[in-house]
Amino acid sequence: DFPSIFSSVNPVANIINSIGPAVFGVIIIGASLLLYDSKAGLDIIYYAYSLRAPLFIVLVAAILWKKVTSKNANLTIICASACGIVWIIFKSIFPDWIVFKYITETYITIIISVIMVLLVGFIQLRTFKKNEQNLEGA
């Protein structure tokens, strides 16, 4: 029995796994009621589909570059997602700003994803080389 194997490992995780979706469901329902008749609600729903962009960038980078770690992937997805949400918030506050007519949240998440994968990857590569030199010198 699959669930019984993991339920005995950590009872707190079992409680969180059973209550978490209900709590987040209530939060999402409340947020959707607040955004009723608002264009921001539709933008957020559209953005949920745009989250495929950072996932795809991380997947391709992990296939092509051996230095992409899980930490790099997680940081990239979190930063790109946060930037997309901030972009939507600013777009709802300043709808007439000319940049919003040409750059969507999907473009922003793609740009941030590429930058983050490369930046974090090179930082981790540099740290790895320093640690390797310290081990050789010791």
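Which helix provides the largest share of the nonpolar patch?

1. Basis. The model is predicted, with local features requiring pLDDT of at least 70 and side-chain atom pairs counted only at pLDDT 80 or more, whereas totals for chains, interfaces and linings use all residues. Residues are numbered from 1 along each chain as its sequence is written, and side-chain values rest on heavy atoms, without hydrogens or water.

2. Surface patch. The largest share of the nonpolar patch, five residues, is supplied by α5. Helices are DSSP runs of H or I with at least four residues, strands are runs of E with at least two, and both are numbered from the N terminus. The patch consists of Ile85, Val86, Ile89, Phe90, Ile93, Phe94, Trp97, Ile98 and Tyr102, which together have about 950 Å² of accessible area. Patch residues have over 30% relative accessible area and no salt bridge; like charges are joined within 9 Å, and nonpolar side chains (Val, Leu, Ile, Met, Phe, Trp, Tyr) within 5 Å. Areas come from the Shrake-Rupley method with a 1.4 Å probe, and for residues only the protein chains shown count as cover.

3. Isoleucine 85 is found in helix α5 and is partly exposed, at a relative accessible area of 44%. Buried here means under 20% relative accessible area, exposed means over 50%, and partly exposed lies in between (1.4 Å probe, protein chains only). Threonine 76 also lies in α5, which covers residues 70-93, but this residue is buried, because its relative accessible area is 0%. Neighbours within four places in sequence aside, threonine 76 is in contact with Val58, Ser113, Met116 and Val117, contact being heavy atoms within 4.5 Å.

4. Nonpolar core. A nonpolar core is a set of buried Ala, Val, Leu, Ile, Met, Phe, Trp, Tyr and Cys residues joined through side-chain atoms within 4.5 Å. The largest one has six residues, namely Ile57, Val58, Ala61, Val68, Ala73 and Val117. Helix α4 (residues 52-64) gives the largest share of this core, with three residues. Alanine 61 touches Val68 and Val117, residues up to four places away in sequence not being counted.

5. Aromatic pairs. Rings of Phe, Tyr and Trp (its six-membered ring) pair if their centres lie within 6.5 Å; planes under 30 degrees apart are stacked, over 60 edge-to-face, and the rest tilted. The count by this rule is four aromatic pairs. Tryptophan 65 and phenylalanine 122 form a tilted pair, 5.3 Å centre to centre with 55° between the planes. This pair links the loop between α4 and α5, where tryptophan 65 sits, to phenylalanine 122 in helix α7 (residues 105-137), 57 residues apart. Tryptophan 65 is partly exposed at 21% relative accessibility, as is phenylalanine 122 at 49%.

6. Tryptophan 87 and phenylalanine 100 form an edge-to-face pair, 5.0 Å centre to centre with 75° between the planes. Tryptophan 87 belongs to helix α5 and phenylalanine 100 to helix α6 (residues 99-102), 13 residues apart. Tryptophan 87 is buried at 15% relative accessibility, and phenylalanine 100 is buried at 8%. Trp87, Trp97 and Phe100 form one aromatic cluster.

7. Salt bridge. The count is one salt bridge, defined as a side-chain nitrogen of Lys or Arg within 4 Å of a carboxyl oxygen of Asp or Glu. Glutamate 105 forms a salt bridge with lysine 91, their closest N and O atoms being 3.3 Å apart. The pair joins helix α7, holding glutamate 105, to helix α5, holding lysine 91, 14 residues apart. Both glutamate 105 and lysine 91 are buried.
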